[in-house]
Amino acid sequence: MEYIPAKTIVSKVKYGSSWFGVDYNMNIYRGCSHGCIYCDSRSLCYQNVDFDQVKAKENALQKMREELRRKVKSGVIGTGAMSDPYNPFEKKELLTRHALALMDAFDFGVAIATKSALVTRDIDILEDIKAHSPVLVKITVTTADEELCKKIEPHVSSVSKRFRAINALAERGIICGVLMMPILPYINDNENNIRRIVQEAKAAGADFVYPAMGMTLREGNREYFYKKLEESFPGIKEKYIKRFGLRYNCTSSQAKRLWESFKEECEKQGMIHDMKSIINRYKRGYGEQLSLFHNVDGGDSFIL
């Protein structure tokens, strides 16, 4: 494991608490080895050199302890926005597990985003945190097709393992659900895929599904994405260039129809799918005031 310097571990969010109700962000690792072909974190603006090599931040736990001790106000710490906290090294390094223990000790809540079934290892600490603060686990599922998953997310936990992880969390009372994003134009943007994900999420015991009917592309991740399209999806790169050019938000041409099918299936399955309801669901009973919400429904969000 390579270690890199870091000024801070836990930082106040710049966008308020509209994104899943988080108040702080934590990235204890840098880089990711999942190999997802669409990852926005490859963008050059993040200056993440050697992105596919996972690195840990030096003295991360000691710094985190001091930062939490100095916080005047507790809140929910989000993790997984830039680097999956449950990368393969975490099984041995235990940095995420120890970070959760610190959140528990200082009465902070947590909102985790991951594509790894390893999150179930830490159910015991999540239960401890839940006793005093909100806990939310978001597991990304972009396709219900295992073979397609291997092409677009080659090193993540299998789709079936991720749904089993949701089931394990739900059985222990942890509020959890699916991040159904990104939905890639010409690849997984079809009604059957959308409905299957919602159905399987429901069967697993998920509380919600939150979607984005498109993806983002900018310098850095655009070039990598196009290279992978040429390898696995011949002819689709040209469709992207023709339709989107250098556009940042690449929305499926079928977004409106898919969104309607998605909402219909969610209503049929009794699954919540809007941001305000999700935040209300996992913060219920903790006496926290929710922020006002502006432009946060699933059709407009592209954060990966």
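Me: Among contacts in the protein chain between residues at least 6 apart in sequence, what share joins residues at least 24 apart?
Reply: Contact means heavy atoms within 4.5 Å. In this predicted model, 78% of the contacts between residues at least 6 apart in sequence join residues at least 24 apart.

Me: What should I know about the numbering and the values?
Reply: Residues are numbered from 1 along each chain as its sequence is written. Local features need pLDDT of at least 70, side-chain atom pairs count only at pLDDT 80 or more, and totals for chains, interfaces and linings use all residues, while side-chain values use heavy atoms, with hydrogens and water left out.

Me: How many helices and strands does the protein chain have?
Reply: Helices (H or I, at least four residues) and strands (E, at least two) are DSSP runs, numbered from the N terminus. The protein chain has 11 helices and 12 strands. Its C-alpha trace spans about 55 × 45 × 35 Å along the principal axes.

Me: Is Ser 116 buried or exposed?
Reply: Buried means under 20% relative accessible area, exposed over 50%, and partly exposed in between (1.4 Å probe, protein chains only). Ser 116 has 9% relative accessibility, so it counts as buried. In the protein chain, 55% of the 304 residues count as buried. Pro 88, with a relative accessible area of 53%, is exposed.

Me: Where do Ser 116 and Pro 88 lie?
Reply: Ser 116 is in the loop between β7 (109-114) and α4. Pro 88 is in the loop between β6 (76-79) and α2 (90-93).

Me: Which residues is Ser 116 in contact with, leaving aside its neighbours within four places in sequence?
Reply: With those neighbours left aside, Ser 116 touches Asp 84, Tyr 86 and Ser 157. The C-alpha atoms of Ser 116 and Lys 161 are 8.3 Å apart, and 45 residues separate the two along the chain. For Pro 88 and Tyr 15, 73 residues apart along the chain, the C-alpha separation is 30 Å.

Me: At what angle do α3 and α4 pack?
Reply: Axes are lines fitted to C-alpha atoms, for helices over the stretch in contact, and angles run from 0 to 180 degrees between N-to-C directions. Helix α3 (residues 95-105) packs against helix α4 (residues 123-130) at about 15 degrees, with the axes 9 Å apart. That makes α3 roughly parallel to α4; angles under 35 degrees count as roughly parallel, over 145 as roughly antiparallel, 65 to 115 as roughly perpendicular and the rest as oblique.
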